[in-house]
Amino acid sequence: ALYLSRSIVEALSGWPLADELGAALHKLEKSLNPRMREFLGTLPQVITTKAGPRAGANRQLSDITRRLFDAVRDRHEIEMSYFSARSNRAKTYRAQPYRITLAQGGVYLIAWVDQYNEFRTFAVDRVQKLSVKDETFRKTRELPADLFASSMGVFWGEPQRVVIEFAARHAPYQIGRAHV
């Protein structure tokens with residue numbers, strides 16, 4: 001678990017909080033006995049990880065992510081200017097931040113938005129301005145432990161049955177990866 005955690009953090013280098021997580025894992029590794037450290041050193045030859053595509057991090061993204069992390073942890077309401085891809089314009093949202101998640105190479109905020117009476121998923125790199133409010137909130141709604149278990153992306157909802165047809169020559173590749 002330590003090796004996999006370390007390799008995931010390394011794959012996320014450049015993301016906000018990755019340095020802090022890497023430093024914590026390094027401290028844990030130093031406390032291990034030499035035999036266990038040697039074992040961890042051999043794992044890259046046995047198991048590899050690969051991160052999804054990502055853009056380089058910047059100072060503003062790091063600052064916003066850190067402030068969102070604090071707001072989620074301390075249950076402070078937020079107000080943000082967010083570039084909505086759906087409407088192709090910046091919109092202002094007042095929200096209750098429930099969770100930050102790393103998915104498909106991006107950092108996302110899951111927040112309850114009273115205006116829409118639902119949870120919304122926000123790409124953190126599209127937050128243009130963030131204000132963490134003094135007002136706190138109680139978590140009155142539950143999120144699933146694995147938000148995206150039934151999705152192909154970073155959104156969730158009721159699973160839908162989809163049928164995809166492949167040419168016969170591709171069947172051997174697909175059979176081994178089929179999830180029903």
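## The chain as a whole

Of the 180 residues in the protein chain, 31% count as buried, where buried means under 20% relative accessible area, exposed means over 50%, and partly exposed lies in between (1.4 Å probe, protein chains only). The accessible surface comes to about 12,800 Å², and 52% of it belongs to carbon and sulfur atoms; such areas come from the Shrake-Rupley method with a 1.4 Å probe, and for residues only the protein chains shown count as cover.

This is a predicted model, in which local features need pLDDT of at least 70 and side-chain atom pairs count only at pLDDT 80 or more, while totals for chains, interfaces and linings use all residues. Residues are numbered from 1 along each chain as its sequence is written, and side-chain values use heavy atoms, leaving out hydrogens and water.

## Helices and strands

You can find five helices and five strands in the protein chain. Both are DSSP runs numbered from the N terminus: helices are H or I with at least four residues, strands are E with at least two. Starting at the N terminus, the order of elements is α-α-α-α-β-β-β-β-β-α.

## The sheet

The five strands make an open sheet in the order β4-β3-β2-β1-β5, with antiparallel pairing. β4 (118-123) and β5 stand at the edges with a single partner strand each, so one side of each has no neighbour in the sheet. From one strand to the next, the twist averages 45°.

Two strands count as paired if DSSP finds at least two bridges between them. β1 pairs with β2 over seven bridges and with β5 over six bridges.

Helix α4 (residues 59-74) lies across β1 (76-84), β2 (89-103), β3 and β5, running at about 25° to β5. For such angles, axes are lines fitted to C-alpha atoms, for helices over the stretch in contact (heavy atoms within 4.5 Å), and the angles run from 0 to 180 degrees between N-to-C directions.

## A loop residue

Where does Val-162 sit? Val-162 is in the loop between β5 (127-136) and α5 (171-175). Val-162 is exposed, with a relative accessible area of 59%.
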